[in-house]
Amino acid sequence: MEYQSELRVYQPLAAFPDAVQAEYQRASRRTRAEAEQEAAGRAQRRLLRDVTDPFPHGRDLVRVLRVPVADGGAPVSEYFCPDEMALRSELAAEQLADSMRPQIFTLLVPEAARQANIERLAERLEFGDPEALHQVHTRTAVWGVPASWFALVHEDDEVTVIGNPDSPASVRLTVPLELALERGRHAAVVLSLHAPDMDLLNDLTVLVSWLESFHPDSHVELDYGGLARLVWPDDSPFDVRTAVEALEDGETEAAVIANHRMVRRWLPVRQLGRAS
């Protein structure tokens, strides 16, 4: 989907099972633009395919993040994020099955197609710990970016603007995982002390727990996707940080003002999503 944001974790190659490392290294031969073009092509093919099988086929697409090395050794370090569409589709099917009448669910997600997808996933058990099947590297949101994601990034983090800066195709903010965790934990502590009833606290608790499951030398990327054309430049990371700092200092009114700024900024986007 075009107006979809994604939060990705890129791990060092050593964090992955030996059986897939060679495949991931081959992915590093492609540029990021080529990987995104392939992702768009796969999405289009899924939309045009027979509706009796909504699940993705083929190997995972792997994105590669290249981070300059400061110590003067290798020019860059490479980190890897498999898109895991088959796994994410099955997890989404599980959630959908719990929220929909069985007759309707079967029409949307044919049992034969789902079983075939599960069998393809089972083959991955040969590559490592079965628990890793539930450690997705990507979280997605449509028609918005969750406030908890903004708590992980700052406006002065590494920013990559894709395309025309006045109307970017996407914007990506990148931060080391340990720093993202430090920020997320701090925000969660502040909220637990000063605003324990806020939904943001629960969202941050879940998010921090997810991030803690990855290699400590990983990196986190917030990708606005097509939403960047609607909101960039975006002060939401600043607003979330300002609200947390204000709560910590006992300045509730300032926290409310910062939150309202962010809500007003994203309200037209959410209204557009409801109208589509």
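Helices (H or I, at least four residues) and strands (E, at least two) are DSSP runs, numbered from the N terminus. The model is predicted: local features need pLDDT of at least 70 and side-chain atom pairs count only at pLDDT 80 or more, while totals for chains, interfaces and linings use all residues. Residues are numbered from 1 along each chain as its sequence is written, and side-chain values use heavy atoms, with hydrogens and water left out.

The buried residues of α3 are Ala 86, Leu 87, Arg 88, Ser 89, Glu 90 and Ala 93. Buried means under 20% relative accessible area, exposed over 50%, and partly exposed in between (1.4 Å probe, protein chains only). These α3 residues pack against β1, α4 (102–108), α5 (111–122) and β4 (138–142). The same check applies to helix α2 (residues 32–48): its 17 residues should span 24 Å at 1.5 Å a residue, and its end C-alpha atoms are 25 Å apart, which agrees. Arg 32, Ala 35, Ala 39 and Gly 41 are the buried residues of α2. They pack against β1 (4–12), β2 (62–68), β6 (170–176) and β7 (219–223).

Strand β7 is largely enclosed by the rest of the structure, because five of its five residues are buried. From β7, His 219, Glu 221 and Asp 223 point one way, and Val 220 and Leu 222 point the other way. Two strands pair if DSSP finds at least two bridges between them. Strand β7 pairs with β1 in the antiparallel sense over five bridges, and Asp 223 of β7 is the bridge partner of Glu 6. Five bridges also join β7 to β6, and these two strands run antiparallel. Here Val 220 of β7 is the bridge partner of Val 175.

The largest nonpolar core has 49 residues, of which Leu 222, Tyr 224 and Trp 266 touch the most other members. A nonpolar core is a set of buried Ala, Val, Leu, Ile, Met, Phe, Trp, Tyr and Cys residues joined through side-chain atoms within 4.5 Å. A second, separate core of eight residues includes Val 20, Tyr 24, Ala 27 and Phe 80. Contact means heavy atoms within 4.5 Å. With neighbours within four places in sequence left aside, the contacts of Trp 266 include Phe 150, Tyr 224, Leu 227 and Val 231.

Asp 157 lies in the loop between α6 (147–150) and β5 (158–162), and counts as buried at 13% relative accessibility. Its side chain and that of Arg 183 are joined by a polar contact of 2.7 Å. A polar contact is a pair of N or O atoms within 3.5 Å; within protein, one must be able to donate a hydrogen and the other to accept it, and residues adjacent in sequence count only if both atoms are side-chain atoms. Arg 183 lies in helix α7 (residues 177–194) and is buried, with a relative accessible area of 12%.

Phe 238, in helix α10 (residues 236–248), is partly exposed, with a relative accessible area of 36%. Phe 238 and His 154 are 84 residues apart in sequence and 6.6 Å apart in space, C-alpha to C-alpha.

Note on methods. Expected span 1.5 Å × (residues − 1).
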